[in-house]
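Reader: Could you walk me through this model, starting from what holds its inside together? I would like the cut-offs along the way.

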Amino acid sequence: MNLSRYIASRLTGARSDSFTASVTKIAKFSVGLGIAIMIVSFAILEGFRYEIQEKIFSFGGHLQISKFDTNNSFEGYPMGTSTGLGDYKNIPGVAHLQPFARKTAIIKTDDEVLGVVLKGVDTTYDFRGMQANLVSGSVLEFNDTAASNQIMMSQLMADKLRLKVGEKVLFYFIQNPPRMRRFEVKGIFKTGLEEFDNVYVLGDLQQIRDLNQWPDTLVGGYEILLSDFTQIDTVTSQVFDKMNYDLQLEKITDTYAQLFDWLELLKRNVIIFLVLIVFVATFNMVSTLFIMILERTNMIGALKAMGATNGQIRGIFLHRGLRLTIAGLIGGNLLALLFCGVQDYFHLIPLDPENYYMDTVPIHWDWRIWVGINGITFILTMLSILLPTLLIARIHPVKAIKFD
C-alpha cells in the first residue's frame, strides 16, 4: 500500500473525543450540507423554470408565424396554409407545426360579463401541455362534419362567471353583423399565469373560420414546437430563411420577455448564493487541514527525520482531505435525494399560486446538473486543500520533534 495512503487511513481512527475528530465532523457536515443545498436549490430552480416554461409553451409554442402587419390587435390578418417551409420535419429542431386563429369575444351570463380572446385550434394541436394544466373536465374533442361547440377556459374565468364543466355559456362577437354562439365548457385549466388565465379560451378553429367567413385554406397563424428549446435561436434563423417573405416570425422569449427575464434574474441570484455556499465549504475544509497539520507537527517532524519527503507527507493530508470530501459528497447527495424525492412525490411544501404561479414547490430531475455540481465541488475542494499542505515544507524536524 502507498505510504501516504496508509498513514492517512491510520489517521482516520483518531479518538472520537479529540479536537481533530470534532473538526473533521464539522468539515464533513459542511461539505455534505453545502452539496445538498446546492443540489436542492438547482432542482427547485430548474423545476420553476421547467413548469413556467411549459405553461407558456402550452399556449404559444416556441415560435409563432403570422401575417406581417402593423396591427397590434389579438386577431391579426389571416394567412394561407402555405408558409414556404415545405415539409417542416426536414428542418432540424422543428418537432411540430399547428395552426391557430384568435377572435375577441364577450362572455355573457346571468350575473357577469367578461371580455376574452377565443383561440381556435384543430385536431393537430398538441394538447399535452394543456393536459398538465387541467383542473377538471378534459381537452377538446373535434367533429368531423361540423365545428365543435366545446371550449376550455381557466379556473379564474370559471370562478368569475360561476361556470362548471358541462354547462353552456353565450359568446358575443362584435362584428358586422354581430354574432352569438353557445358553447359548452369541456374543460377547466389553471396555469397561474394571469397573462393566459385572464385572457384565453380554447375552442375549435372552424368556429372562427365560420364567424369570419374564411375558407378552409385560411388560418390566423402557426405555432412551431421545437424538440429542444435551448436551440431556439438556431432554429429561428433556419425557419426565417425558409418562410415566405410576407410572414413574420416571433420567438416566445420575445412575446413574454418579462417572464423569461424574471427566470434569468432568479437563476442569477441562485448562482450567487451557491458560490457563497461553495466558498464556506472549501474554507471549512482548508481550516480543518490546517488544524490537522498543526496538531500533527510532531508526527511530521518524525517522518522527515526518518527520510520522508515533503511530497510524501503532503500526500498524507491530501488523502485525508480526499476522504473527508468524498464522505461529505456521499452524505450530501443522499440528503438531497431524500428531500427531492419526498417533495416530488408528496408535495409537502406548498406555495401561494398568486405569487409563484404554482401551488407547490416543483422538483426537476436533471442528472447532468447533479453530476456537474458534484464535479465542480470536488475539484474546487481538492484545489483548496493544496493551500494548507504548503505549510508542511516550513516544518523543520529539529524544531518539530519534542521529547517529554
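This is a predicted model: local features need pLDDT of at least 70, side-chain atom pairs count only at pLDDT 80 or more; totals for chains, interfaces and linings use all residues.

Reader: Which residues have the most contacts inside the largest nonpolar core?

Author: Happy to start there. A nonpolar core is a set of buried Ala, Val, Leu, Ile, Met, Phe, Trp, Tyr and Cys residues joined through side-chain atoms within 4.5 Å; buried means under 20% relative accessible area, exposed over 50% and partly exposed in between, with a 1.4 Å probe and protein chains only. The largest such core has 71 residues, and those with the most contacts inside it are Ile65, Met153, Phe171 and Val239.

Reader: What does Met153 touch, leaving aside its neighbours within four places in sequence?

Author: Contact here means heavy atoms within 4.5 Å. Met153 is one of the residues with the most contacts inside the largest core. Its partners are Ile107, Ala158, Leu161, Leu163, Val185, Gly187, Ile188, Phe189 and Val201.

Reader: How many residues are in the second, separate core?

Author: That core includes Ala36, Val270, Ile300 and Ile373. It is separate, and its count is 36 residues.

Reader: How are the rings of Phe59 and Phe189 arranged, and where do they sit?

Author: Rings of Phe, Tyr and Trp (its six-membered ring) pair if their centres lie within 6.5 Å; planes under 30 degrees apart count as stacked, over 60 as edge-to-face and the rest as tilted. Helices (H or I, at least four residues) and strands (E, at least two) are DSSP runs, numbered from the N terminus. Phe59 in helix H2 (residues 19-60) and Phe189 in strand S8 (residues 179-189) are 130 residues apart, and both are buried. Their ring centres are 5.4 Å apart and their planes are at 65°, so the pair is edge-to-face.

Reader: Which residues do ring pairs link into a cluster with Phe59?

Author: The count of aromatic pairs comes to 18. Ring pairs join Phe59 in a cluster with Phe189, Phe196, Tyr200 and Tyr256.

Reader: Which peptide bond is cis?

Author: Most residues other than glycine have a negative phi, and most peptide bonds are trans. Pro177 is in the loop between strand S7 (168-173) and S8. With omega about -5°, the cis bond joins Asn176 and Pro177.

Reader: Is Gln213 buried or exposed?

Author: Gln213 lies in the loop between helix H6 (205-212) and strand S10 (218-219). Its phi is near 60°, a positive value in a residue other than glycine. At 64% relative accessibility, Gln213 counts as exposed.

Reader: What is the phi of His347 near?

Author: His347 is in the loop between helix H11 (310-346) and helix H12 (353-356). With 45% relative accessibility, His347 counts as partly exposed. Phi of His347 is positive, though the residue is other than glycine, and lies near 55°.

Reader: What does Gln207 touch, not counting residues up to four places away in sequence?

Author: Gln207 is found in helix H6. With a relative accessible area of 7%, Gln207 is buried. The residues it touches are Ala147, Ser148, Asn149, Arg181 and Phe183.

Reader: How far apart are the end C-alpha atoms of residues 270-294?

Author: The unreviewed UniProt entry annotates "transmembrane region" at residues 26-45, 270-294, 324-349 and 369-393; UniProt positions are in the numbering used here, feature names are shortened, and annotations may be inferred rather than shown by experiment. In the model, residues 270-294 are 100% helix and 0% strand. The end C-alpha atoms of that span are separated by 36 Å.

Key
Residues are numbered from 1 along each chain as its sequence is written. Side-chain values use heavy atoms; hydrogens and water are left out.
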